[in-house]
Amino acid sequence: MSDLQDSTVADAVDYASDYAVEQAAEQALQALRRRGFQHAQVTASESRRRELNVAHNEPSLLRSSLSHKLAATAIVDGRRASAEGSDVSADGLAALVDQLWDSARSSPQDEANAVSAGQRLQLVQGPQADDAQADPRALAEALRELLAWRSAHAPAMMIEEGQAAHALVRSATRTSGGSAIDCSLGCCGLSVFGLAREGGRTSSFNYAGGSAHALAGAAEAFGILRLMAELTRQIDTRPLGERFVGDVVLGPGAVDDLLGWLMEQLGDGPLIDGSSLYRERVGQVIASPLLTLRSRYDGPGCLPVSADAFIAPPATLLDGGRLTQLTPSLYGSRKTGVAHRPVAGSGWVLQPGATPLAAIVAAVPRGALVGRLSMGDPAPNGDFSGVIKNSFVIRDGEVGPALAETMISGNVAQMLLDVAAVSAESIDRGSERLPWLRIGGLHFS
Amino acid sequence: MSHFETRQHELRKTRLQMVDGNLTANLRSVQAGVSARAYVDGYWGFAAAPAGGAGVAAQVQRQAADNARAMAGFGPRRAYALPGAHAAGEQASHGGPLLSAAECSERMAALHAHCMKTYPGLRSTRVMLTDESHLKQLQTAGGGRSLSRIQRAAAYVVLVGEDEHGAPIELTEIVSGPGSLADIDWSLAALAPKLDVLHGHLQAKRHAVPARGGEHTVVLAADLAGMLAHEAMGHPCEADAVLAGAVTAGLRDQRVASELITMADLAHHFDGRELMCPVYVDDEGTPADDVTMIERGVLRQFMHSRETAARLGLPASGNARAYGPDDEPLVRMRNTAILPGSSTQDELVAGVDDGYLLLDTSNGQADSTTEFMFGISLGYEIKGGKIGRAIRDTTLSGSALKVLQSVDGVGREMKWSCNGYCGKSQPMVVSVGGPALRARAHLGGE
């Protein structure tokens with residue numbers, strides 16, 4: 001397999017675009033002020049993407065896309081509305097302003113509505129358009145290596161969808177409070193979704209992928225090679241066939257589900273409607289002392305900026321199991337009285353432990369090594385039940401056959417407290433770096 | 001070049017959310033773009049750009065063709081003759097004038113006020129509104145010229161209470177349908193009786209007991225059967241999943257379900273009425289046909305794009321759909337349903353000595369093995385044919401092949417809904433439908 005044909009590579013995603021995002025954001029802010037809004041936040045952005053796709057183990061498609069967006073939130077007399085549009089012409093801006101005016105004027109007044117002030121940032125991060133890592137030939141090379149590894153080491157693996165991509169987002173955010181945040185954020189991505197099969201027998205599907213500043217070595221770092229190897233051992237499965245209370249060793253993908261539930265609990269929705277289990281728990285131990293969760297906002301594809309245009313300082317959300325803060329937006333903070341400490345949308349590291357994964361598994365008398373949780377949203381109190389997918393039985397410290405039709409149930413909040421071991425190994429997907437966790441007290445059925 | 005398509009696609013969305021009377025989300029968006037996709041010597045090239053600029057379409061078309069040709073660097077790949085006709089025609093718009101922003105806000109506030117006044121002890125309410133409208137103009141090199149639309153709207157009212165231990169519990173009433181928020185009836189007058197029923201369930205859920213983990217006889221209410229159809233056998237019957245090795249690949253013309261089960265992905269009409277997500281022409285320009293996946297228990301057909309049809313030597317079915325202006329078409333469901341039988345839900349419940357009645361679901365997932373799951377947010381025990389205590393949130397799972405083979409009763413009343421999204425590298429608007437079912441399946445629990 002050779003590189004992409006040189007004759008056309010240079011043309012990829014070279015649409016002429018003179019979209020000056022800084023100027024567009026300034027103009028939009030001025031237009032909103034002229035219309036009568038007292039407060040506003042505007043973001044103008046341009047996204048470019050090059051992407052090579054694999055379908056059914058073969059390179060199949062080359063994509064190049066360009067998109068523009070103008071997004072605004074505006075407030076008049078304490079009434080707020082938001083609008084987004086891809087038409088960044090003068091007519092498009094006028095239509096967006098009219099839409100916002102109509103929506104905001106009919107919204108209820110709310111003194112919690114406000115926009116950021118005084119935030120300043122200029123950031124260029126990751127591979128930019130002309131960098132070698134963004135070249136389609138670099139993407140092709142990453143795919144070639146991935147497919148060669150599959151052929152050599154996991155021939156039963158069927159990559160249903162795979163991709164190597166470079167994305168570049170230039171954005172400019174302006175607020176009526178004087179915030180000015182300009183970013184050019186580039187990153188590469190590599191991912192695989194698929195299953196393993198032999199004859200008429202198949203494993204469950206699974207996914208691995210992540211973001212990086214360059215794709216060399218990414219397949220291993222993201223856990224893609226591990227995933228393909230494990231899937232080939234999950235073609236033959238068996239039901240657990242018994243009910244018991246035991247341990248799970250959750251893989252990074254399943255750990256992400258746990259942390260996602262926790263992050264949701266700390267944010268606007270549950271804080272405003274009063275359903276958060278952690279509203280009054282700042283400063284208290286809410287998780288195992290083995291858990292420390294830190295920000296990594298300089299990770300590939302991450303920006304140290306919150307959705308409401310605040311620069312997010314580094315944060316340690318869980319410090320040895322102790323909750324250090326809640327994460328409301330400015331609106332959520334003003335609505336609930338909870339201190340406003342901005343966090344970014346992605347970029348987290350769950351600190352690895354000192355115990356090798358093999359030793360963690362060896363200490364489990366009865367349970368499962370869990371690759372993926374397939375479950376509904378946990379109940380507001382944290383109760384959940386779900387199917388464990390891409391998982392292996394553990395008996396007396398030994399990893400046994402892959403499992404089918406096996407469910408676990410428990411409570412997510414309790415699981416965070418019941419973490420008994422954190423692995424030394426972790427999977428670094430760029431935006432998150434997560435280890436394996438051993439947790440006891442789950443009901444298997 | 002054996003296939004070339006160009007799509008102009010406008011996507012408009014509204015999303016509003018009111019939490020306890022506070023309008024926490026109030027967003028309207030418009031995305032318009034031009035995309036092109038070329039099939040050259042077995043490879044695809046795709047390109048997309050914002051609509052509006054001079055010469056954008058020509059530029060995008062050129063880029064898509066260049067991208068496809070560039071893929072030749074990976075070596076020769078088998079090029080298929082892509083089957084399927086190229087449709088021409090225009091799909092009419094749904095509904096009348098849109099609701100104003102003021103009308104939406106006022107109605108949401110009225111719903112919140114009604115709930116807090118009528119249901120003492122309620123901790124919180126959330127009212128959410130969503131609608132979206134897709135307008136797609138498609139041209140294919142094979143002569144296709146079509147204009148198609150997807151328009152759907154949904155209103156959600158969430159009642160949040162407390163269980164007997166003070167922990168939060170919640171239930172959701174959803175109204176969804178084709179058109180905009182002006183075309184579905186989410187007025188207070190229409191919703192009040194439904195909210196009374198929902199609040200009754202919430203009171204029962206205050207004292208809910210855990211489900212017993214393991215396999216049980218369950219009656220799935222009509223609202224859940226569509227989810228079963230979509231997750232359990234819909235995804236494994238998408239031909240790209242079949243090509244990847246889903247277990248359905250080797251089961252055509254074999255019995256995979258009870259004789260009571262007929263399951264289809266319907267293009268645009270059922271029983272003489274237009275469906276909630278009508279697709280007359282897909283995003284490759286193929287005229288859309290119904291796909292009967294299971295006919296009286298026997299696996300018959302898969303859902304196809306032109307390419308999957310070519311690879312399997314079968315007709316294209318019009319299932320290639322793209323979600324956004326910069327998405328390429330993938331094999332997706334449209335209106336997926338289990339077709340009705342002859343029982344009532346009460347009759348199905350009466351025949352259960354020890355089991356569960358499952359009334360509402362949150363989300364679901366499928367698998368290539370046909371093992372599926374979906375969250376159960378409302379259910380009751382059945383003891384001696386009578387409905388008993390409410391159960392806590394749980395998960396229903398099983399192998400679709402085993403569950404569908406165990407079906408021994410199918411209801412006669414169909415229910416359809418089109419809220420939420422199907423996820424498969426792109427989101428997608430779909431509808432699901434079905435009657436009540438009785439089967440054996442696995443419930444999560446202690």
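Colleague: Which residues does Thr140(B) touch, leaving aside residues up to four places away in sequence?

Modeller: In this predicted model, Thr140(B) touches Phe4(B), Glu5(B), His86(B), Arg145(B), Glu284(B) and Gly285(B). Thr140(B) itself lies in strand 5 of chain B.

Colleague: Why is Thr140(B) called buried?

Modeller: The relative accessibility of Thr140(B) is 5%, and buried means under 20% relative accessible area, so Thr140(B) counts as buried.

Colleague: How do you know that Arg37(B) forms a salt bridge with Glu284(B)?

Modeller: The closest N and O atoms of Arg37(B) and Glu284(B) are 2.6 Å apart, and the rule asks for a side-chain nitrogen of Lys or Arg within 4 Å of a carboxyl oxygen of Asp or Glu, so the pair of Arg37(B) and Glu284(B) qualifies as a salt bridge. Across the interface of domain 1 of chain B and domain 2 of chain B, the rule finds three salt bridges, and the count of residue pairs in polar contact between these two domains is 21.

Colleague: Turning to chain A, what makes the pair of Asp110(A) and Lys335(A) a salt bridge?

Modeller: The closest N and O atoms of Asp110(A) and Lys335(A) are 3.1 Å apart, and the limit is 4 Å, so this pair meets the rule. Between domain 1 of chain A and domain 2 of chain A the count is one salt bridge, while the rule finds 13 residue pairs in polar contact across their interface. Strand 8 of chain A gives the most to the side of domain 1 of chain A that touches domain 2 of chain A, with five residues, and by class this side has 15 nonpolar, 15 polar and six charged residues.

Colleague: How many Å apart are the C-alpha centres of the two domains of chain A?

Modeller: The C-alpha centres of domain 1 of chain A and domain 2 of chain A lie 25 Å apart, and the contact takes 36 residues from domain 1 of chain A and 27 residues from domain 2 of chain A. These domains bury about 2,400 Å² between them, with 58% of it on carbon and sulfur atoms.

Colleague: Is His56(A) buried or exposed?

Modeller: His56(A) has 17% relative accessibility, and the cut-off for buried is under 20%, so His56(A) counts as buried. His56(A) is found in the loop between strand 1 and strand 2 of chain A, and its phi is near 55°, a positive value in a residue other than glycine.

Colleague: Why is Glu405(A) called partly exposed?

Modeller: The relative accessible area of Glu405(A) is 23%, and partly exposed lies between the 20% limit for buried and the 50% limit for exposed, so Glu405(A) is partly exposed. Glu405(A) sits in the loop between strand 19 and strand 20 of chain A, and has a positive phi of about 50° although it is not a glycine.

Colleague: How do you know that Arg77(B) forms a salt bridge with Glu58(A)?

Modeller: The closest N and O atoms of Arg77(B) and Glu58(A) are 2.7 Å apart, which is within the 4 Å of the rule, so the pair is a salt bridge. Across the interface of chain B and chain A the rule finds seven salt bridges and 39 residue pairs in polar contact.

Methods: Residues are numbered from 1 along each chain as its sequence is written. Chains are lettered from A and ligands numbered from 1 in the order in which they are written. This is a predicted model: local features need pLDDT of at least 70, side-chain atom pairs count only at pLDDT 80 or more; totals for chains, interfaces and linings use all residues. Side-chain values use heavy atoms; hydrogens and water are left out. A polar contact is a pair of N or O atoms within 3.5 Å; within protein, one must be able to donate a hydrogen and the other to accept it, and residues adjacent in sequence count only if both atoms are side-chain atoms. Helices (H or I, at least four residues) and strands (E, at least two) are DSSP runs, numbered from the N terminus. Buried means under 20% relative accessible area, exposed over 50%, partly exposed in between (1.4 Å probe, protein chains only). Contact means heavy atoms within 4.5 Å. Domain bounds come from an automatic or database domain assignment. Buried area is the accessible area (1.4 Å probe) that two parts lose on being put together, summed over both. Ala, Val, Leu, Ile, Met, Phe, Trp, Tyr, Cys and Pro count as nonpolar, Asp, Glu, Lys and Arg as charged, and the others, Gly among them, as polar.
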